[in-house]
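Let's walk through this structure together, from a backbone detail to the packing of its rings. Keep the 3D view open as you read.

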Amino acid sequence: MLRTNFYLRTANTPKETTIYLRLFCKSKGIKYRTGIKVPPAYWDKKKQRIKPVSKFENHLEINRYLDIVKKVADKSFWDLTNNAEGIPPTLSTLKDEIDKRLDRVDKEPVLTFFEFFQKIIDQSEAGTRLNPLTGKVINPNTIKTYVTTLNHLKDFQKKQHSKITFENIDLKFYNSFTEYLIKEKKLASNSVGKDIQVLKLILNEALDLHLTSNTSFKTKRFVVLREESDSIYLDKKELEELKDHDLSDSPRLERVRDLFLVGCYTGLRYSDYSILTADNIKNGYIQISQTKTGTQVTIPVHKAIVGLLEKYSGKFPASLSNQKTNDYLKELGKEIKGLQKSVNKTITKEGASKQVSYAKWEMLTTHTARRSFATNEFLAGTSTLTIMAITGHKTEKAFLKYIRLNSADHAKLLKEQWDKR
């Protein structure tokens with residue numbers, strides 16, 4: 001049973017003193033501060049209320065408030081007791097409940113758009129924010145895209161001289177921001193799309209946390225721009241030339257080449273084939289949980305990889321950073337005769353599409369290995385489902401983006417089918 005009574009913090013003082021509500025239950029007590037002060041001369045100890053004197057103008061309002069506090073305390077006690085099937089709450093729990101019902105709980109300050117964005121980055125870097133699909137920490141490369149988008153938004157805010165808030169990110173904002181990225185930042189369509197993709201991710205999290213009720217970003221016109229990539233692949237002849245190229249005078253490039261070949265014969269992303277160890281091989285199969293998606297994949301050990309493992313005493317070639325490896329691959333590719341051929345690439349800059357010609361080695365990256373694996377296996381007649389099981393793609397649509405075939409490749413495939421008939 002709850003017992004209550006109001007009392008003054010200091011009864012013998014000429015100054016105003018705070019009114020407290022003492023809460024008793026099972027011979028234990030706790031004091032609850034009402035936040036109201038009164039001169040002791042105006043306090044009626046027996047009635048536990050302020051005396052009805054004209055010198056204290058607000059006595060009626062304060063006494064009504066004290067009535068409310070007592071009723072809230074009583075109701076909170078019985079509600080908590082009933083919810084606990086007859087077990088009275090602790091006095092500390094009761095005190096918290098009274099605060100809540102009187103709206104006296106200290107509320108967390110409302111985060112601004114940029115404060116929330118930075119919080120997402122900080123939590124990702126600290127490893128306390130996980131990928132909801134994999135349950136793993138956010139990849140450092142992903143965090144870099146967050147930072148890039150945040151910086152672009154801050155630059156845009158300065159340019160516009162208008163504060164970006166959760167509520168003003170609408171279609172008008174989308175059109176202005178994308179125009180800024182295209183014309184001022186001179187970004188390609190896929191780079192613009194990446195900024196919008198990250199922005200939508202931040203807004204979705206804010207919506208889930210009730211930091212905003214704005215859903216303008218969910219409309220179809222708030223689209224993530226995407227442009228079909230003209231990324232290259234290396235065919236079997238080019239891979240053989242790369243593999244056989246003498247690099248005995250450059251151990252640095254030789255190691256990068258050999259690790260790149262591991263990617264070409266596993267179909268893994270660089271984030272995965274760069275961390276392979278002998279422990280990943282079991283009974284002639286490579287087993288690894290993909291860093292990006294968390295998908296477990298099993299890949300037969302190709303004879304080319306068997307040779308590499310023998311070359312490196314049972315280990316995979318040591319890796320460098322992705323960026324440094326890309327630099328070295330281009331340096332290496334420049335030496336390969338078959339990679340001197342020109343390749344046309346379509347890019348969109350400042351809203352206009354144009355074709356640019358590159359030597360094939362200039363487009364060589366760590367990701368070329370994964371595309372080469374998928375395309376060469378497809379050309380060899382391996383079923384799409386089997387290749388997808390190796391690469392870890394969930395949909396055929398996503399997988400087919402990795403198939404880099406030109407009209408001549410398709411014509412050759414068709415002729416092979418006719419010859420078989």
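K26 sits in the loop between β2 (17-25) and β3; strands here are DSSP runs of E with at least two residues, helices are runs of H or I with at least four, and both are numbered from the N terminus. The model is a predicted one, in which local features need pLDDT of at least 70 and side-chain atom pairs count only at pLDDT 80 or more, while totals for chains, interfaces and linings use all residues. Residues are numbered from 1 along each chain as its sequence is written, and side-chain values use heavy atoms, leaving out hydrogens and water.

What is the phi of K26? It is near 55°, a positive value in a residue other than glycine. Most residues other than glycine have a negative phi. K26 counts as exposed because its relative accessibility is 65%; exposed means over 50% relative accessible area, buried under 20% and partly exposed in between, with a 1.4 Å probe and protein chains only. K186, in the loop between α5 and α6, also has a positive phi of about 55° without being a glycine. At 40% relative accessibility, K186 is partly exposed.

Now look at the surface, where R9, K31, R33, K37 and K95 gather in a patch of positive charge. Lys and Arg count as positive, and each charge is placed at NZ of Lys or CZ of Arg. Strand β3 (residues 28-38) gives the largest share of the patch, 3 residues, whereas K95 belongs to helix α2 (residues 91-101).

F113 and F117 make an edge-to-face pair, 6.0 Å centre to centre with 85° between the planes. These two are about one helical turn apart, because they are 4 residues apart in helix α3 (residues 113-126). F113 is buried at 1% relative accessible area, and F117 is buried at 0%.

Another pair, Y174 and F222, is tilted: 4.7 Å centre to centre, 45° between the planes. Y174 lies in helix α5 (residues 171-184) and F222 in the loop between α6 (189-208) and α7 (236-244), so this pair ties together parts 48 residues apart in sequence. Y174 is buried at 6%, and F222 is buried at 0%.

Key: Patch = residues over 30% accessible without salt bridge, like charges linked within 9 Å, V, L, I, M, F, W, Y side chains within 5 Å. Areas by Shrake-Rupley, 256 points an atom, 1.4 Å probe, with all protein chains shown as cover. Salt bridge = Lys/Arg side-chain N within 4 Å of Asp/Glu carboxyl O. Phe/Tyr/Trp six-rings, centres within 6.5 Å; stacked < 30°, edge-to-face > 60°.
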